[in-house]
Amino acid sequence: MLLTATVLVVALGLFYACNTQPPRIPDKVEVRVYQQPQMDSAQVAVQLREMDYYLRTHDVTDEGYNLIAQYNTLLSRISRTSRSSRDSRKTTTVRIAAKNRLLPAVKIAGGYWKAGHFHLGRVNGPVIQQDSAGRILCALYDADTIVKVVRTDSLGTYRGQMNRSLQASGQGTYDALDGSHYEGFWDNDQRNGFGFESSPHHHVRVGTWKNGRFLGEKLRYTAERIYGIDISRHQHEKGRKRYGINWRQLRITSLGARHPSGGQTFPVSFVYIKSTEGTTIRNRYFMTDYTKAKQQGLHVGAYHFFSLKTPALAQATYFVNHTLFRNGDFPPVLDVEPTDAQINAIGGDEELMRRIRTFMDYVERRTHMRPILYVNQMFINKHMQNAADIKQNYNVWIARYGEYKPDVKLVYWQLSPDGRVNGITGPVDINVFNGYQGQWEDFRRTGFHQ
């Protein structure tokens, strides 16, 4: 049976060899090789600035840290010799004789076409191919498996593993003509799995990709990270029952259902307490919680829940007049959680951003601390497209309960609304500081996270 199958394969190969015409290969072939340009100094400076931010807020325990550090070193060298990319976006015409142009244009049962001739067996050695899209593919074959490839097209150059369809699959890097660099895993020409991208057009993306889309960064929840909580009257009132907080027992025992921590527990390093809402609502437990938290040596901050029913300046005044702000306290926070319908009712995003600016400016002038803006990630993506000044001037605290860290710069990330803390009854909001001990000390001293 095996002999019959072997004969059949060889026969099929000979049949196709006689009846399948390979593409005509001229004596000389002109191919366009797109050279990777040198980035100009401005592009390099942007990427170095973004990578410096990443390296400040991470350490070697984070996945991707070493890759960023290596690429940061490479870019630092480039910055010393960079020229304008406009001078190097050129193409070169390369003439390859047919006998040297090893083209497996037709691969069939029992063999393959190479340099205009049919061969039995498998492809071994280097192959240069130009596909119908004009891409130049320089591959090294080993027993019909591509083990190394460089692929150049009009947008950039890919180096890495590919499948038999000459699509990026496996591990590889892509350097685009616009100065972007991606290093990580691929599947069928799509970024899939872990990788990082450095670009002059946006900040560094390090984390998980799926079908070419960046999902975000997975954080490691270790004892080195800085954790905190935020509370309101809901930690004291459950229906008609009233509960106190045992501040001496405070310790995080769960980061929430979506963030398993392998049985680890964590100290509470900071606490934010709701103080006011609108111009009429005050948290009756604020003063007691504030005083007892300070007595336990916790870093304390206060937040105001924003209302769209009253003027921003009146709310800012109400917040400042009914809240304690002492030396060593953390910056005050504006909690903004409106619905789309509420935003539309006041006139849209521009009006909401104007009110936020009014509140933040007044509170900063009165407290001499730059406030933090608390929003969810969807709010940023949907409503803050034209508020670059707010995103640049103020630290952001984001609520997102998914698996991945938000793809923005931030000071705190609210991991979950269902964490558990010894000393507190019921679920508690759990937050993590975006950085490690060094950055934490700077933030404690300055009140601003850079």
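Asn-211 is exposed, with a relative accessible area of 52%, where exposed denotes over 50% relative accessible area, buried under 20% and partly exposed the range in between, computed with a 1.4 Å probe on protein chains only. The residue is found in the loop between β13 (202-210) and β14 (213-216); helices (H or I, at least four residues) and strands (E, at least two) are DSSP runs numbered from the N terminus. The phi angle of Asn-211 is near 50 degrees, a positive value in a residue other than glycine. Most residues other than glycine have a negative phi. A positive phi is also found at His-368, near 60 degrees, in the loop between α7 and β23 (372-376), and His-368 is likewise exposed, at a relative accessible area of 70%.

The model is a predicted one, in which local features need pLDDT of at least 70 and side-chain atom pairs count only at pLDDT 80 or more, whereas totals for chains, interfaces and linings use all residues. Residues are numbered from 1 along each chain as its sequence is written, and side-chain values use heavy atoms, with hydrogens and water left out. The secondary structure of the chain comes to 10 helices and 26 strands, and buried residues make up 49% of its 450 residues. Among contacts (heavy atoms within 4.5 Å) between residues at least 6 apart in sequence, 57% join residues at least 24 apart.

Two helix pairs were examined through their axes, which are lines fitted to C-alpha atoms over the stretch in contact, with angles running from 0 to 180 degrees between N-to-C directions. The axes of α2 (residues 41-56) and α3 (residues 65-79) come within 10 Å and cross at roughly 150 degrees, so that the two helices are roughly antiparallel to each other; angles under 35 degrees count as roughly parallel, over 145 as roughly antiparallel, 65 to 115 as roughly perpendicular and the rest as oblique. The crossing of α2 with α3 is left-handed, a term applied if the near helix is turned anticlockwise from the far one by less than a right angle, and right-handed if clockwise. To this contact α2 contributes Val-44, Gln-47, Leu-48, Met-51, Tyr-54 and Leu-55, while the residues from α3 include Tyr-65, Ile-68, Tyr-71 and Leu-75. By class, the contact of α2 with α3 has 11 nonpolar, 4 polar and no charged residues, where Ala, Val, Leu, Ile, Met, Phe, Trp, Tyr, Cys and Pro count as nonpolar, Asp, Glu, Lys and Arg as charged, and the others, Gly among them, as polar.

In the second pair, the axes of α5 (residues 312-321) and α7 come within 8 Å and cross at roughly 30 degrees, which makes α5 roughly parallel to α7. Here the crossing is right-handed, and the residues that make the contact include Ala-316, Phe-319 and Val-320 of α5 and Arg-355, Phe-359, Val-363 and Thr-367 of α7. The residues of this contact divide into 8 nonpolar, 5 polar and 2 charged.

Thr-367 lies in α7 (residues 349-367) and is buried, with a relative accessible area of 13%. A polar atom of the Thr-367 side chain lies 2.7 Å from the backbone oxygen of Val-363, and the side chain of Thr-367 also reaches the backbone nitrogen of Met-369 at 3.2 Å. Residues up to four places away in sequence not being counted, Thr-367 touches Val-320, Phe-325 and Pro-332.

Apart from neighbours within four places in sequence, the contacts of Val-396 include Ile-372, Val-375, Leu-410 and Val-411, and its C-alpha atom is separated by 8.8 Å from that of Val-408, 12 residues apart along the chain. Asn-434, in the loop between β26 (428-433) and α10 (437-446), is buried at a relative accessible area of 7%; its side chain reaches the backbone oxygen of Leu-410 at 3.0 Å, and, neighbours within four places in sequence left aside, the residues in contact with Asn-434 include Tyr-53, Thr-57, Leu-410 and His-449. Asp-153, in the loop between β8 (145-152) and β9 (156-162), counts as buried at 13% relative accessibility, and its C-alpha atom is 9.5 Å from that of Ala-176, the two residues being 23 apart in sequence.

Note on methods
Polar contact = N/O pair within 3.5 Å; in protein donor to acceptor, adjacent residues only side chain to side chain.
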